[in-house]
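This report is an introduction for a reader who is new to the structure.

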Amino acid sequence: MYKVLLLLVFGLIITSCNSDVDAGEFVVGSDYLSVSNKVILIDTVTVDVATINYDSLVTSSQSRILVGNYDDPVFGKVKSDSYFQMSATSYSLYNESSDTDAPNYVFDSIRMVLKEDKYFYGDTTKVQSLSIHRLTQKVKPNSEDDSFYNNSSLSYDVQSLGSISFKPKPNSKDSVVVKLNNEFGNALFLKLKKLEISDFDEFTEYLKGFVIKSTSGTSSSIVGFNMSSVLRLYYSKYQGDSETSLIKNFSILDVSKQFNNITLNRTGTQIQDLPVSSSKLSSLQTGNKAFIQSGTGLACRVDFPNIKQLKYLSEKGALVNAELIIKPVINTYSIAYPLVDSLRVFVGDKLNRIKGTLNTVDGSAVYGLLNATSDEFNENIGYKISIGAFLQAEMLKESDARSSLILTLPSISKAVDRLVLGDRKNANNKIQLKIYYISY
């Protein structure tokens, strides 16, 4: 019965918030709106915003080859190189019954066929340049968890096997085809032809893998390629006057052996002095803004330092609902740097350690959903997050420990999308917290 009553009373909020009747029961300052039905709309609770930096994100097993570079006007220089191991379901060029025909097999060429997966970020109208190199180190992680991270790298031969310059067309079905060195291709072909490579272990001992590096100084984008990309060996079989063209594909069959090395050079930016991952950089030190970026580990931390004071509003009361509205800073997003449609919301401790996702009462994850409906000054554009249950729990905590909310982008480990958010003192894009509190 009590829950039903709360819902009925809460339903009156929309009409009650405009009342100028003072119930006289709460003396908490003129910034709070008190109404006769004991529902209070509180919109002046302090919200602190900061940028934090997770120095390592798992980028293996993400099923995306991410390569390119661009100079971000806000974040700095962003770059991604991709490392991967390749293998095949079989290492034979011909059937066992045709062994006697082996002398008739001749190498033609070898190419890396990169198939775009429609992800891109930045300006794809400018030329992208890539270079492919042979790894000299096996694709084997040093960590105990068998993962690779955005700061992981492997040694490779500085001599390029092949390169290409092209304008990305991420929404097309075309592949980017890079012709590789014939000497490299013929050597691999002969190993297979002579049966010197017959299984996975022998193959990866000979060809440990590849790295695709972004080499253009004028590139302005990062693009994604999918796991159907292949190393394709072209060869022919000659018999009499006939010629048969054949191919042998090597694929990324183990997605855990592919990862992206994503770097961000923040020199000269407002976030160049980010502290270690267990600390934070207040938005008051970064122009009243907080920064989020997938792939590089930047996240936004939101704290509510005075939330416990709400429990002194009334001897008997409850925080019924709360909405956090956080807005992207105008002129920091564009067609090249679009807004994502949602934010992931985690619960963290004072050292920025993730304790779990923010969930609804039924256990489903809470997301910050974008309202993209713009007005003349784009003031309505923002992300709305329902945090009533979280604040109620924080308000009633008996210990001094406080939890914070940590905001990231959904594709945190396989993209480079980014976002700039305003804090409570931002001139045009202030963060807003609306709390609905009921006294009974």
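Which residues of α5 are buried? They are G388, F390, L391, Q392, E394 and M395, where buried means under 20% relative accessible area, exposed over 50% and partly exposed in between, with a 1.4 Å probe and protein chains only. The model is predicted, so local features need pLDDT of at least 70 and side-chain atom pairs count only at pLDDT 80 or more, while totals for chains, interfaces and linings use all residues. Residues are numbered from 1 along each chain as its sequence is written, and side-chain values use heavy atoms, with hydrogens and water left out.

The cover over the buried residues of α5 includes β18, β19 (342-348), β22 (382-386), β23 (404-408) and β25 (432-439). Helices (H or I, at least four residues) and strands (E, at least two) are DSSP runs, numbered from the N terminus, and contact means heavy atoms within 4.5 Å.

The largest pocket has a volume of about 270 Å³. Of the 13 residues lining this pocket, N321, V361, S386, G388 and A389 are the closest to its centre, and the elements that give two or more residues to the lining are β18 (317-326) and α5 (388-396). A pocket is an open set of points on a 1 Å grid over the protein atoms alone, where a 1.4 Å probe fits, with protein on both sides within 12 Å along at least five of seven lines; lining residues have an atom within 4 Å of a point. Grid points are joined across faces, edges and corners, and the volume is the space filled by probe spheres set on the points.

A search of the whole structure finds 14 aromatic pairs, in which the ring centres of Phe, Tyr or Trp (its six-membered ring) lie within 6.5 Å, and planes under 30 degrees apart count as stacked, over 60 as edge-to-face and the rest as tilted. Two of these pairs are set out here.

| Pair | Centre to centre | Angle between planes | Kind |
|---|---|---|---|
| Y70 and Y121 | 6.3 Å | 50 degrees | tilted |
| Y83 and F259 | 4.9 Å | 0 degrees | stacked |

Because Y70 lies in strand β4 (residues 65-72) and Y121 in strand β6 (residues 105-122), their pair ties together parts that are 51 residues apart in sequence; both Y70 and Y121 are buried. The other pair joins Y83 in strand β5 (residues 76-84) to F259 in strand β14 (residues 258-265), 176 residues apart. Y83 counts as buried at 3% relative accessibility, and F259 counts as buried at 0%. Elsewhere, ring pairs link Y105, F107, F189 and Y235 into a cluster.

Strand β5 also holds S82, which counts as buried at 0% relative accessibility. Leaving aside residues up to four places away in sequence, S82 touches I65, L66, V67, F210, V211, I212, Q258, F259 and N260. From C-alpha to C-alpha, S82 and S214 are 9.1 Å apart in space, although 132 residues apart in sequence.

A187, in helix α3 (residues 182-193), is partly exposed, with a relative accessible area of 29%. Its C-alpha atom is separated by 9.4 Å from that of F107, 80 residues apart along the chain.

Taken as a whole, the protein chain has 5 helices and 25 strands, and 50% of its 440 residues count as buried. Among contacts between residues at least 6 apart in sequence, 78% join residues at least 24 apart.
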